[in-house]
Amino acid sequence: MNAEERFPDEVLKTYERLKKEAEEAGYRLNPDRNFTLRLVQGLLENEKRYGYLCCPCRLAFGAKDKDVDVICPCYYRDSDVEESGACYCALYVSDDWISGKKKHGSIPESRPARFMRDGYSETPAPPSSPTPSSLPLPVWRCKVCGYLCARPDPPGKCPVCKAGKDRFERFM
Amino acid sequence: MKFTHVPGQNAKHRVTLYALSTCGWCHKTKGFLDTNHVQYEYIDVDQCQGDERSEASNKVRELNPRGSFPTVQVDAEVVTGFDEDRMRELLEL
């Protein structure tokens, strides 16, 4: 029953790339190889359907601006891994999950119910938020992992979690 | 909505699964029902288009206000996520 299932080459290659990138940045892929390969297959299936790697365990709207928070890695990954031992689909897990200290099972959905119903929308910045014009460069924040950098534009890819440029916000 | 019917010897309860074809927990739920020979019907909502997709996701939200997957209806009870203990209890396994 636990025999290795057959997966297409592109799934195996993507799995190896994600595993390498995760480990380099201090994240862990779920060590249940068949389970994880199936998730990777689901991610690639979603990329073919929608044009981006929407979470395999969430129903996509099919419009990037509505699904942007659940493009893998999702905005909820880091806090879910920290609190529940795994992200929502359990592609990424914590050391406590791997060692068995955290119970293996599906975790509660952290995505706000209104996003589940209507899709993602930006929370407007509070009117009093500081925007110091004295800074020589704007500061950009990765909404997936919190990485900050000061440069004219956000990086093409987050150097920590590999999230794309469109997932950065102006922080200061 | 077009459901796929899965026959099984254990047909004591009416079981309906709302799933995503790409989701690991939905896959585990199907595997659990199959291993226990439970008769059930399921729909992979991500494979539905247009009106059927909205009808199915509205139905999921009616059963489970979070609108998450898998959502399993066992008679009048609803199980959200892959919850083996709760399914065993409801299915008397």
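At what angle do the axes of helix α1 and helix α2 of chain A cross? Before we get there, keep in mind that this is a predicted model, where local features need pLDDT of at least 70, side-chain atom pairs count only at pLDDT 80 or more, and totals for chains, interfaces and linings use all residues. Residues are numbered from 1 along each chain as its sequence is written, while chains are lettered from A and ligands numbered from 1 in the order in which they are written.

Now for chain A. Helix α1 (residues 9–24) and helix α2 (residues 33–50) have axes that cross at roughly 105° and come within 9 Å. Helices (H or I, at least four residues) and strands (E, at least two) are DSSP runs, numbered from the N terminus. Axes are lines fitted to C-alpha atoms, for helices over the stretch in contact, and angles run from 0 to 180 degrees between N-to-C directions. So α1(A) is roughly perpendicular to α2(A) (65 to 115 degrees counts as that). Among the residues making this contact are A:Tyr15 and A:Leu18 of α1(A), along with A:Val40 and A:Leu44 of α2(A); contact means C-beta atoms, placed from the backbone, within 7 Å.

Over in chain B, look for an open sheet of five strands in the order β1-β3-β2-β4-β5, with mixed pairing (strands pair if DSSP finds at least two bridges between them). The edges are β1 (4–6) and β5 (77–80) of chain B, each pairing on one side only. Helix α2 of chain B (residues 50–63) packs on this sheet, touching β2, β3, β4 and β5.

How values were computed: Two residues are in contact if their C-beta atoms, placed from the backbone, lie within 7 Å. Angles under 35 degrees count as roughly parallel, over 145 as roughly antiparallel, 65 to 115 as roughly perpendicular and the rest as oblique.
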